[in-house]
Amino acid sequence: MTDFLAPARLGQLALPHHLLMAPLTRNRAEANGTPTPLMADYYAQRASAGLIIGEAATPNAVGQTYPDIAALHTDRHTDGWRKVTDAVRAAGGHMFLQLQHGGRVSHPATTGLTPVAPSAVPLPETIFTRQGHLPAPVPRAMTPDDIRATVADFASAARRAVDAGFKGVEVHSANGHLLHQFLAGNTNRRTDGYGGPPEHRVRFTVEVTEAVAEAIGAGRTGVRISPGGTVNGIQEDDTAALYPALVHRLRDLGLAYLHVVRADPGDELYRRLRADWPGTLIGNPVLTDLTTEAVARAAREMLASGADLVALGRPYIANPDLVARLRRGAPLNPLRERYLMYVGGADGYTDYPALADR
């Protein structure tokens, strides 16, 4: 069994261990999406992660989900992210950046724009805006021109990410956002080449990934998926056929990695995806307890199941020195749920103590 604290590799990157920091939306950017100095502090505190996958950044204005979400489609955004990567690099860390388009998970009260989606199917729940939680609007079904423009926006954002100092990007095709909305039958009711059977519904994710890989190199490009996920009103009736079809289309591109959300070593589909995927697979395990013992056990089980690297979310939120704590068997800080999103500021963000602060 691989020791999760042993050195690892991701392509050309030498990593100090197998534990990555998963992308975590925290709503601490400026209103226009520019990363803030507080964000630079937050990520630099966590630079001991084997690799930080930075929080979702939108590749265009209409893709913004909630207020104060980071973006990457202007020079100001690029400059802001460069300050973040500079801080992490100075602290000895590496970063990828997740690129995410919210699709129907958006609101004109936040963006001033009508959301777009594969089909005109609204989110079946309210969405957070600066005016509080509001009913989700009916999105506009994307035209072929919209699709081509969005693919180009992802590629442009990827180039900006590399210019800003990121080692690569993660294409977000999970958790009920735009690319996942194309995958799922309840949000994709199209009758053209992007809808219908699984082989058609994976097309948009494949085209975005191919465009990003062409823009910055396949070795700098990862993809994140959440098979069977129901976040943001997603319903997959054909998960067992959908994701093998997607992996079949992606497997020969030479990508940096496939990142599986809520990976379950005992799940038959997870085992099949591991067998079908020829490259690096990152497993994001389900954690019910945020204790030193539970996190260590989940990491060991993830690697034993065939994952090459392990991505952790909430443990890194509350523990900027997570690896040091696991190495020493020290207790973990409790997570303060109230400060996860929508509140802004340092509380529950950069004020979690490290062991050295005790």
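In this predicted model, the largest pocket holds about 910 Å³ of space. Its lining is made up of 32 residues, and those nearest its centre are Pro 23, Leu 24, Thr 25, Asn 175 and Arg 224. Two or more lining residues come from each of the elements β12 (257-263), β13 (281-285), β14 (309-312) and α11 (314-318). Of these, α11 gives the largest share, 3 residues.

The second largest pocket holds about 190 Å³ of space. It is lined by 13 residues, and Pro 285, Val 286, Leu 287, Ala 298 and Glu 301 are the closest to its centre. Helix α10 (residues 292-304) gives the most to this lining, with 5 residues.

Helix α1 (residues 37-45) packs with helix α2 (residues 75-90) at an angle of about 30°, and their axes lie 8 Å apart. Angles under 35 degrees count as roughly parallel, and α1 and α2 are therefore roughly parallel to each other. The crossing of α1 past α2 is right-handed.

On the α1 side, the residues in contact are Met 39, Ala 40, Tyr 43 and Ala 44; on the α2 side they are Trp 81, Lys 83, Val 84, Ala 87 and Val 88. The residues of this contact comprise 8 nonpolar, no polar and 1 charged.

Notes:
Residues numbered from 1 in each chain as written. Predicted model: local features only at pLDDT ≥ 70, side-chain atom pairs only at ≥ 80, totals over all residues. Heavy atoms only, no water. Axes fitted to C-alpha atoms, helices over the stretch in contact; angles between N-to-C directions. Helix = DSSP H or I, 4+ residues; strand = E, 2+ residues; numbered from the N terminus. Parallel < 35°, antiparallel > 145°, perpendicular 65-115°, else oblique. Left-handed = near helix turned anticlockwise from the far one by under 90°. Contact = heavy atoms within 4.5 Å. Nonpolar A, V, L, I, M, F, W, Y, C, P; charged D, E, K, R; others polar. 1 Å grid on protein atoms, 1.4 Å probe; cavity = no way out; pocket = protein on both sides within 12 Å on 5 of 7 lines; lining within 4 Å. Points joined across faces, edges and corners; volume = space filled by probe spheres on them.
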